[in-house]
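Thanks for making time. Let me put the structure up, and then I will walk through it.

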Amino acid sequence: MITVLLVDDHPVVRDGLRGMLNSETDLVVVGEAGSGLEAVTLARAHRPDVILMDLRMPGLDGVHATEAILRETRTSRVVVLTTYESDSDILRAVEAGAIGYLLKDATKAELTSAIRAASRGETMLAPSVAGRLVRQVRNPAGPALSAREVQVLGLVAKGRTNAEIGRTLHISEATVKTHLLRAFSKLDVSDRTAAVTTAMARGLLE
């Protein structure tokens, strides 16, 4: 039997997963956690073969819970099961030691296959996640932003308008727009919000 620990802060999600997995003859749910801290405690107690880990939870998130669990045990495998597939989420989870990364729209067959593969030490990634990860590995940083572009994005992150940014940096509003367009191109995004989010994920902004 492959033992599984479910980690998700939504009880209805855990109920659905438990029913799905316990209907399989070779899978059994041995515990359920509604938070990262609870996951660490239950993983220590049960030493499950596979842990299905949500990412976004109050308190200790899924990435930090994964790190804490894998520091204590080399036998458990973590498969992330989440609705999020941003580059930063994927990279953080993989760097923490997760062996799989699936989205919550996965089918029962995909989920059970991933659990079985993880129990054998094999990596399982959702196709869209695999594609993003490959692109990140091939082009981990992209072109560097100039100091002025970083300044401009930093002010965008604080909610400043182009006119306000211009006054703060003593440049024209047209020049602000030019810096933003160059930053968009370098970050491969098309709007201000995506530019700030991507720059933060790459450690370019605090």
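First, the ground rules. This is a predicted model: local features need pLDDT of at least 70, side-chain atom pairs count only at pLDDT 80 or more, and totals for chains, interfaces and linings use all residues. Numbering starts from 1 along each chain as its sequence is written, and side-chain values use heavy atoms, with hydrogens and water left out.

Now the overall picture. The protein has 10 helices and 6 strands. Those are DSSP runs, numbered from the N terminus: helices are H or I with at least four residues, strands are E with at least two. Along the principal axes, the C-alpha atoms fill a box of roughly 65 × 30 × 30 Å. Of the 206 residues, 41% count as buried. Buried means under 20% relative accessible area, exposed means over 50%, and partly exposed is in between, with a 1.4 Å probe and protein chains only. Among contacts with a separation of 6 or more, 62% come from residues 24 or more positions apart. Contact here means heavy atoms within 4.5 Å.

On to the sheet. In what order do the strands of the open sheet run? The order is β2-β1-β3-β4-β5-β6, with parallel pairing. The edge strands are β2 (27–33) and β6 (124–125), and each pairs on one side only. Two strands pair if DSSP finds at least two bridges between them.

Take β1. 6 of the 6 residues of β1 are buried, so the strand is largely enclosed by the rest of the structure. Ile-2, Val-4 and Leu-6 point one way, while Thr-3, Leu-5 and Val-7 point the other. β1 pairs with β2 in the parallel sense over 6 bridges. Within β2, Ala-33 stands opposite Val-7.

Next, the middle of the strand order. β3 (residues 50–53) and β4 (residues 77–82) run parallel, joined by 4 bridges. Met-53 has Val-80 of β4 as its bridge partner. β4 also pairs with β5, again parallel, over 4 bridges. There, Val-79 stands opposite Gly-100. Gly-100 also stands opposite Met-124 in β6, and 2 bridges join β5 to β6. Both faces of β5 (residues 100–103) are covered. Gly-100 and Leu-102 are buried on one side, Tyr-101 and Leu-103 on the other.

Now the helices. Two packed helices are described by the angle between their axes and the distance between the axes. Helix α1 (residues 11–22) packs with helix α5 (residues 108–119) at about 75°, axes 11 Å apart. The axes are lines fitted to C-alpha atoms, for helices over the stretch in contact, and angles run from 0 to 180 degrees between N-to-C directions. α1 and α5 are therefore roughly perpendicular. That label covers 65 to 115 degrees; under 35 is roughly parallel, over 145 roughly antiparallel, and the rest oblique.

Which residues make the contact? From α1, Leu-17, Met-20 and Leu-21; from α5, Lys-108, Leu-111, Thr-112 and Ile-115.

Helix α2 (residues 36–46) buries Gly-36, Ala-39, Val-40, Leu-42 and Ala-43. Their cover includes β1, β2, β3 and α3.

Then the cores. A nonpolar core is a set of buried Ala, Val, Leu, Ile, Met, Phe, Trp, Tyr and Cys residues joined through side-chain atoms within 4.5 Å. In the largest one, with 44 residues, Leu-21, Leu-52, Met-53 and Ile-115 touch the most other members. Another core, of 17 residues, lies apart from it; among its members are Leu-145, Leu-153, Leu-155 and Val-176. Back to Leu-21: leaving aside neighbours within four places in sequence, its contacts include Val-4, Leu-52, Leu-111 and Ile-115.

Arg-47 is not a glycine, yet has a positive phi of about 45°. Arg-47 is in the loop between α2 and β3. At 38% relative accessibility, Arg-47 counts as partly exposed. Asp-188, also not a glycine, has a positive phi of about 60°. Its loop lies between α9 (173–187) and α10 (192–201). At 70% relative accessibility, Asp-188 counts as exposed.
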